[in-house]
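Please keep the model open while reading.

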Amino acid sequence: MNFWDYLGSRHQQLLTDAFQHASAVFQCMVVATVIGVVIGVVAYRSEWAGSLATTTTSTILTIPSLAMIGLLIPIVGLGVAPTVIALTLYGLLPIVRNSIVGLRGVDPSLVDAAKGIGMSRTARLFRVELPLAWPPILTGIRVATQMLMGIAAIAAYASGPGLGNEIFRGIASLGSKNALNQVLAGTLGIIVLALLFDAAYVLIGRLTIPRGIRV
């Protein structure tokens, strides 16, 4: 059976796996974005706190994904839970780092002007600082999403959802007639999803970032 025949015979399962893969990455990115931006907001004013936040999230990223999931299985079991925890932790570094960089890069004169017209600290954060820091934050989200697309494939090791199951089935049956087709289908599916997510982020950037800031 050639690759195209394999896709035709397995398209329903592949679409289901692709949806689960995209859904897992999307949901984990939402959680990681909220946590990462909050950490950035708390840490960006202090050099010590910013370094601590960046170092901690960098350390998490150095843990091999297979080892991370293996360590989580005895604690939370198999399935979705270790996948969600691992992906969320891995997605933090680019978001935390870019949040801190973006917030520190806001022109102090703009913050002073907002303070001069009576804005509270919270109002300045949400109406001045975060909007101006949004471009680098969005870049961090894009980078994190691309990383998680590949890492999510390892979730199949813990009976997690996604296209990794297709890849692991192919690896487990090496030598059979469809082994290569399974690995190729899972890999290409992840690449396509990554490109679609990146295109969506480009569109979000065009809709949410003023032209003057983009330039």
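**A residue on the surface**

Val-42 is exposed, with a relative accessible area of 64%. The cut-off for calling a residue exposed is over 50%, so Val-42 qualifies at 64%. The model is a predicted one. Val-42 belongs to helix 1, which covers residues 3-43.

Gly-116 is part of helix 6, residues 108-116. Between the C-alpha atoms of Gly-116 and Arg-10 there are 63 Å, and the two residues stand 106 residues apart along the chain.

Helix 3 can be followed in more detail. Helix 3 runs over residues 65-76, twelve residues in total. From first C-alpha to last, helix 3 reaches 16 Å, close to the 16 Å expected at 1.5 Å a residue. Which residues of helix 3 are buried? They are Ser-65, Met-68, Ile-69 and Leu-72. These residues lie on the same side of helix 3, because they cover an arc of only 90 degrees around the axis. The cover over the buried residues of helix 3 includes helix 2 (47-62), helix 4 (80-90) and helix 7 (121-151). On the face turned away from the buried side, helix 3 carries Leu-71 and Pro-74, both exposed. Just after helix 3 comes Gly-77, with a positive phi of about 85 degrees.

Now the chain as a whole. It contains ten helices and zero strands, and its pattern along the sequence reads α-α-α-α-α-α-α-α-α-α. The C-alpha trace spans about 70 × 40 × 20 Å along its principal axes. Of the 215 residues in the chain, 43% are buried. Sequence separation can be read from the contacts: taking those between residues at least 6 apart in sequence, 75% join residues at least 24 apart. The accessible surface of the chain comes to about 11,400 Å². Carbon and sulfur atoms account for 69% of that surface.

Notes. Residues are numbered from 1 along each chain as its sequence is written. This is a predicted model: local features need pLDDT of at least 70, side-chain atom pairs count only at pLDDT 80 or more; totals for chains, interfaces and linings use all residues. Side-chain values use heavy atoms; hydrogens and water are left out. Helices (H or I, at least four residues) and strands (E, at least two) are DSSP runs, numbered from the N terminus. Buried means under 20% relative accessible area, exposed over 50%, partly exposed in between (1.4 Å probe, protein chains only). The expected span of a helix is 1.5 Å times one less than its number of residues. The arc is that of the directions from the helix axis to the C-beta atoms. Contact means heavy atoms within 4.5 Å. Accessible areas come from the Shrake-Rupley method with a 1.4 Å probe; for residues, only the protein chains shown count as cover.
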